[in-house]
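Trainee: I am new to reading protein models and would like some practice. Please walk me through this one, feature by feature.

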Amino acid sequence: MLKNRSLIAPSDLTLEEIEELMRLSEKILQTPERYAAVCRGKLMASLFYEPSTRTKFSFDAAMLRLGGNTLGFSDPNTSSTAKGETIADSARTIGKYADLIVVRHPKEGTAKLMSRYAGIPVINAGDGGHHHPTQTLTDLLTIRHYKGSYSGLTVGVCGDLKFGRTIHSLVTCLARYENVRFLFISPEELTMPAFVKEELNAKGVSYTETTDLEGAISQLDVLYMSRVQRERFISEEEYLRLKDYFILTAEKMQLAKSDMIVMHPLPRINEIATDVDSDPRAAYFEQVRYGMFVRMALIMKLLGAEEPA
Amino acid sequence: MVNVSKIKEGIVIDHIRAGHGYKIFQQLGLDRLDDVVVLMRNVDSEKMGRKDLIKIESNLDINLDVLGLIDPGATISYIKDGERVKKVSLTPPETVTGILTCRNPRCITNQEHITDIKFHLVDAATNQYACEYCDARTRL
Ligand SMILES: [Zn+2]
């Protein structure tokens with residue numbers, strides 16, 4: 001049962017609970033209008049101690065489309081933290097008038113701390129470089145929607161694998177399903193960190209590391225792109241030498257399977273050329289829609305909202 | 001001369017890794033005890049080369065978690081009427097609360113000054129614990 005629970009890390013959810021959320025998300029995305037009043041009278045506090053317009057809009061849109069209301073802030077300077085209130089006290093007070101808290105904060109562990117004191121469900125919308133579980137759920141829904149299931153997929157992740165939290169979460173989550181194979185495509189400076197690989201080794205999950213996107217792309221069912229940032233490189237020359245290898249273009253897409261999908265957490269800079277956007281395999285803008293639907297499903301479940309008859 | 005070799009009633013914490021005796025002394029709050037407490041440092045040991053040793057003349061209820069955390073190799077003997085009645089060997093505790101602090105500067109516990117943080121044992125071989133809030137690893 002997800003009712004009255006908090007979601008702090010992707011690993012808080014069992015595979016059955018993920019499946020429950022995915023099923024409800026699929027139902028909502030087929031007929032969203034049926035769900036327009038299921039959270040009527042409910043109030044969601046969205047507390048963004050660190051600005052992230054994209055994530056805040058997605059959560060607010062989700063709650064409003066369920067017929068609920070939202071309040072909150074997107075700039076910490078307007079909140080009571082400016083007056084020195086502790087996170088624990090903020091959680092206690094907000095828990096007295098809201099039904100659900102969505103929190104983003106630059107410090108790791110903040111959502112967990114709030115969940116201890118709020119007395120109402122808390123959703124972690126990002127705690128520093130730590131967890132961002134609804135991004136992972138968004139990715140899972142996108143893959144499931146296009147591919148039907150996760151088992152047997154070959155998933156390529158490309159770009160900055162060293163610092164990409166989104167990618168670490170997705171990979172460790174997908175590794176819980178049977179027979180998923182990974183290709184890690186990155187410059188040597190930005191390879192997948194040891195803690196992720198150790199987890200895969202322990203589970204007997206197979207993965208290959210390569211620096212060659214063009215050579216790897218034909219094997220993939222899913223290609224998850226991420227940004228390679230200039231500041232990660234020692235020198236400008238190194239960056240310029242390497243960056244094109246990790247940019248997806250229409251030309252490289254010709255080598256890919258006809259049903260491969262391309263994903264990206266957005267915003268992109270230049271790692272996916274705009275000539276890929278019109279390709280039917282480009283799923284990254286659709287991903288944004290799925291992000292809202294999966295948040296609708298999550299809010300419903302945590303609030304224990306009844307499905308419409 | 002003070003005779004520290006035998007106690008009648010109390011607890012002997014033996015086989016403490018040399019240098020850890022004072023830490024245990026502090027963590028158990030033995031400085032606040034009214035009873036006789038002896039801390040011996042750098043005692044010759046056949047097995048360990050050098051070791052530390054603590055004798056407490058009191059039936060104190062000592063926190064074994066703290067001991068297991070600082071030095072899982074130490075042994076505890078409970079003494080009654082000059083005889084050892086019970087010997088306990090330690091294991092690192094699965095969880096500890098309120099003893100460790102998180103060293104991750106990005107962790108919320110360092111901004112909010114939370115003192116009752118729960119840590120979970122993640123690697124018994126290296127005695128490493130993970131913070132319940134940020135998962136960063138630490139050891140005492
Ligand atoms: Zn921490």
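Trainee: Let me begin with one residue. Which residues is Arg227(A) in contact with, leaving aside its neighbours within four places in sequence?

Mentor: Contact means heavy atoms within 4.5 Å. By that rule, Arg227(A) touches Asp160(A), His264(A), Pro267(A), Ile269(A) and Glu271(A), with neighbours within four places in sequence left aside. Before we go on, note that this is a predicted model, where local features need pLDDT of at least 70, side-chain atom pairs count only at pLDDT 80 or more, and totals for chains, interfaces and linings use all residues. Residues are numbered from 1 along each chain as its sequence is written, chains are lettered from A and ligands numbered from 1 in the order in which they are written, and side-chain values use heavy atoms, with hydrogens and water left out.

Trainee: Thanks! Where is Arg227(A) found, and how far apart are the C-alpha atoms of Arg227(A) and Leu266(A)?

Mentor: Helices (H or I, at least four residues) and strands (E, at least two) are DSSP runs, numbered from the N terminus. Arg227(A) sits in the loop between β8 and α9 (236-243) of chain A. Its C-alpha atom is separated by 8.9 Å from that of Leu266(A), although the two residues are 39 apart along the chain.

Trainee: Is Arg227(A) buried, partly exposed or exposed?

Mentor: Buried means under 20% relative accessible area, exposed over 50%, and partly exposed in between, with a 1.4 Å probe and protein chains only. Arg227(A) has a relative accessible area of 27%, so it counts as partly exposed. For contrast, look at Ser58(B), in the loop between β3 (49-56) and α2 (64-70) of chain B. Ser58(B) has a value of 13% and is buried. Beyond its neighbours within four places in sequence, Ser58(B) is in contact with Glu9(B), Gly10(B), Ile11(B) and Asp35(B).

Trainee: Now for strands. Which way do the residues of strand β8 (residues 222-225) of chain A point?

Mentor: In a regular strand the side chains alternate between the two faces of the sheet. In β8 of chain A, Val222(A) and Tyr224(A) point one way, Leu223(A) and Met225(A) point the other way, and all are buried.

Trainee: And how many bridges pair β8(A) with strand β5 (residues 154-158) of chain A?

Mentor: Two strands pair if DSSP finds at least two bridges between them. β5(A) and β8(A) pair in the parallel sense over 4 bridges, and Val155(A) has Val222(A) as its bridge partner. β8(A) also pairs in the parallel sense with strand β9 (residues 261-263) of chain A, over 3 bridges; there Val222(A) stands opposite Ile261(A). β5(A) has a parallel partner in β6(A) too, over 5 bridges, with Val157(A) opposite Phe184(A). Strand β6 (residues 181-185) of chain A has 4 of its 5 residues buried, so it is largely enclosed by the rest of the structure.

Trainee: What is the strand order in the open sheet of 4 strands in chain B?

Mentor: The order is β6-β7-β8-β9, with antiparallel pairing. β6 and β9 (137-138) of chain B stand at the edges with a single partner strand each, so one side of each is left without a neighbour in the sheet. Inside this sheet, strand β7 (residues 118-123) of chain B pairs with β8(B) over 4 bridges in the antiparallel sense, and His120(B) stands opposite Ala130(B).

Trainee: Which residues coordinate the zinc ion?

Mentor: Donors are N, O and S atoms within 2.8 Å of the metal (3.2 Å for Na, K and Ca); water is not among the atoms, so sites may look incomplete. Here the SG atoms of Cys102(B), Cys107(B), Cys131(B) and Cys134(B) coordinate the zinc ion at 2.3 to 2.4 Å. The pair of Cys102(B), in the loop between β6 (95-97) and α3 (108-112) of chain B, and Cys131(B), in strand β8 (residues 128-131) of chain B, links distant parts of the chain, 29 residues apart. Cys102(B) is buried at 6% relative accessibility, and Cys131(B) is buried at 1%.

Trainee: Last one: how many residues of chain B are in contact with chain A?

Mentor: 13 residues of chain B are in contact with 13 residues of chain A.
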